[in-house]
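Let's take a walk through this one together. Keep the sequence and the 3D view open as we go.

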Amino acid sequence: MRRMSYQDEARLEYGRILWKKAANRTRLIAHWTNPRHPYCSRFQEHRSLVEKLLSTPPGNDNTLDVQLQAEGWSLRALTREIPPVFGSLD
Amino acid sequence: MSPQKQLVSGSQIEEWLKDWGSQLKQKGSLILIGSGGLLWHAHQRNIQHPLPDGSMDVDPITQDEEIAELGYFAIMGSDFEKKHGWHVNLMPASALEELPDGWGARAAEIIHGNLKVTVPDPEDLLVPKLRRNEPRDRKHARWARENGLVQSIEKIETLARTRRNQPPS
């Protein structure tokens, strides 16, 4: 599996930590699906995959990467689809 | 009063860590790397000289949900940044691979409330910086030497050349 940049690794690592808590998931989804968020439509397009990525335990990344590559993705590419958080969430 | 727009003083680091320590409901820990770590060491030694060129962020690493949450919502443009003038840049655990072997045994630890903070030794903190070797990194290394945080930049440069675990940019 190709190594990611620190920025991408952090996005995935901390996104997963936050995703474990239902309140954070709700908060992030509300932020990312806000029409004013520049990545809103892009997130909607890949939402199920991004949610699957964030829900997958890190120990399964190699398996996930193989699955994603069979679908034309990769762990690295999909990580970049996790939208950023701009400013404050609310 | 508006916040200082950059991190230049160890007291800014200390205040931030105390604030997070008081906010945590459960025990948690973070490892502070980068120039924030150097500033923390300077503060412990009562060094008042400001960090040249300053820094816009701190680079903590944590596995604890509550701390990750605090950090995730203290990014660039956050209310945290509006308040402090600088932001939090959560780093992945793999960034620790940039430090020389045995860094953990040389690191300092401090407890603030429920927060345990580990700060690698100044020499260890400077190894990834001098590997990157940007003008600001060299200035920070000189500042650390001039203020007695490290004895020899040459030794750190040697260490910086011997390990290369950088991921692709």
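Predicted model: local features only at pLDDT ≥ 70, side-chain atom pairs only at ≥ 80, totals over all residues.

Residues are numbered from 1 along each chain as its sequence is written, while chains are lettered from A and ligands numbered from 1 in the order in which they are written. For the complex, the predictor gives a pTM of 0.91 and an ipTM of 0.88.

Let's begin with the sheet of chain B. Five strands form an open sheet with mixed pairing, in the order S3-S2-S1-S5-S4. Helices (H or I, at least four residues) and strands (E, at least two) are DSSP runs, numbered from the N terminus, and two strands pair if DSSP finds at least two bridges between them. At the edges sit strand S3 (87-88) and strand S4 (108-112) of chain B, each pairing on one side only. S4(B) runs antiparallel to strand S5 (residues 115-119) of chain B, and five bridges join the two. Look for Glu109(B), whose bridge partner in S5(B) is Thr118(B), and for Ile111(B), which has Lys116(B) as its bridge partner in S5(B). The hairpin of S4(B) and S5(B) has two residues between the strands, and there Gly113(B) takes a positive phi near 60°.

Now for the helices. The axes of H1(B) and helix H2 (residues 35-44) of chain B come within 7 Å and cross at roughly 100°; axes here are lines fitted to C-alpha atoms, for helices over the stretch in contact, and angles run from 0 to 180 degrees between N-to-C directions. H1(B) and H2(B) are therefore roughly perpendicular to each other (angles under 35 degrees count as roughly parallel, over 145 as roughly antiparallel, 65 to 115 as roughly perpendicular and the rest as oblique). Gly10(B), Ser11(B), Ile13(B) and Glu14(B) of H1(B) meet Gly36(B), Leu39(B), Trp40(B), Ala42(B) and His43(B) of H2(B), where residues are in contact if their C-beta atoms, placed from the backbone, lie within 7 Å.

Further along chain B, the axes of helix H6 (residues 122-132) and helix H8 (residues 153-162) come within 8 Å and cross at roughly 60°. That makes H6(B) oblique to H8(B). Their crossing is right-handed; a crossing is left-handed if the near helix is turned anticlockwise from the far one by less than a right angle, and right-handed if clockwise.

Finally, how does chain B meet chain A? In total, 18 residues of chain B are in contact with 18 residues of chain A. Helix H3 (residues 65-72) of chain B supplies the largest share of chain B's side, four residues. The axes of H3(B) and helix H1 (residues 6-19) of chain A come within 9 Å and cross at roughly 115°, and the crossing is left-handed. Here Tyr14(A), Ile17(A) and Leu18(A) of H1(A) meet Glu65(B), Ala68(B), Glu69(B) and Tyr72(B) of H3(B).

Notes:
Contact = placed C-beta atoms within 7 Å.
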